[in-house]
Amino acid sequence: MSDGEIIVLRDEVRQETVLALAEIEGWSLRGETSRAHLVLGSRRWATGDRAEVTYIADHPGAAQSLIVTGPGAVEVALRLRERLPHHEEAQLLATVLDADEPDPVQCIRVASKLAACRPEACEPRHLAALERLLGHPETAVRRAGIRSAYSCAWTELRALVERRCSEEQQLAIQLEHLAQYLSAGD
C-alpha cells in the first residue's frame, strides 16, 4: 500500500487514543479527511522525527491503521507498536490461510485489515488470502473479500476476479463491478 511502515490497530484501540497520543507526541496536524461513501476517514500529522503519520479509519470494514512515512518512519513506527495494540501481518494472513475451513466470522473481521496492510506489489500470501476470501462457501465472506479487493491494483487479482466471475452466482453483480473497477485502471 505504501513505502512506509503500516500498523494495523486492534479493535480495542479507539480513535481518541490515537488523537491523544498525537497530542502527547507533539505532532502537527497537516490534513484531515471526513469519511464519505467511498472515502475513508483520515488524519495526517508531521512528527518531530521527520516522519508523517496517517491514521485511517475504515468504518464499514472495522479496520484502523497507521501509515508512517518519511526518513524517521522506522523509529516512529517502533514507538507506536510499543504503545498501541496492533496485529501482525502474518497473524492476519494466518486467520484466512492456515485453517482447512477458515472461520467465516474471523475471515470477515480480517478482510479489511488485510487490505490495510496489503503491499503495493503482488505478494503470493496476500493473493492467496484474497482467493480464499473470494471463494469461501459463505456469501458474507465473499462479500467482505470483494469489498476489501477494491483497494488492490494487482494484475494477478484481475485474473483471479475474472475466473471467479464465471463461478460466482449469488454475488455475480458485485464481482462484475469489481472486475470493471479493476479493469478501469488500465
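## Terms and basis of the model

Contact here means heavy atoms within 4.5 Å, and helices (H or I, at least four residues) and strands (E, at least two) are DSSP runs, numbered from the N terminus. The model is a predicted one, in which local features need pLDDT of at least 70 and side-chain atom pairs count only at pLDDT 80 or more, while totals for chains, interfaces and linings use all residues. Residues are numbered from 1 along each chain as its sequence is written, and side-chain values use heavy atoms, with hydrogens and water left out.

## Helices H4 and H5

Two packed helices are described by the angle between their axes and the distance between the axes. For helix H4 (residues 104-117) and H5, the axes come within 11 Å and cross at roughly 145°, where axes are lines fitted to C-alpha atoms, for helices over the stretch in contact, and angles run from 0 to 180 degrees between N-to-C directions. H4 passes H5 in a left-handed crossing; a crossing is left-handed if the near helix is turned anticlockwise from the far one by less than a right angle, and right-handed if clockwise.

On the H4 side, Cys-107, Ala-111, Leu-114 and Cys-117 meet His-126, Ala-129 and Leu-133 of H5. These residues divide into 6 nonpolar, 1 polar and no charged, with Ala, Val, Leu, Ile, Met, Phe, Trp, Tyr, Cys and Pro counted as nonpolar, Asp, Glu, Lys and Arg as charged, and the others, Gly among them, as polar.

## Helices H5 and H7

The axes of H5 (residues 124-134) and H7 (residues 155-167) also come within 11 Å, and they cross at roughly 20°. H5 and H7 are therefore roughly parallel to each other, a term for angles under 35 degrees, with those over 145 counted as roughly antiparallel, 65 to 115 as roughly perpendicular and the rest as oblique.

H5 passes H7 in a right-handed crossing. H5 contributes Leu-127, Leu-130, Glu-131 and Leu-134 to the contact, and H7 contributes Glu-156, Leu-157, Leu-160, Val-161, Arg-163 and Arg-164. The residues of this contact divide into 6 nonpolar, no polar and 4 charged.

## An aromatic pair

The whole structure holds 2 aromatic pairs, meaning rings of Phe, Tyr and Trp (its six-membered ring) whose centres lie within 6.5 Å, with planes under 30 degrees apart counted as stacked, over 60 as edge-to-face and the rest as tilted. One of them is the tilted pair of Trp-27 and Trp-45, at 5.6 Å centre to centre and 50° between the planes. Trp-27 lies in the loop between helix H1 (15-25) and strand E2 (28-33) and Trp-45 in strand E3 (residues 41-46), so the pair ties together parts that are 18 residues apart in sequence.
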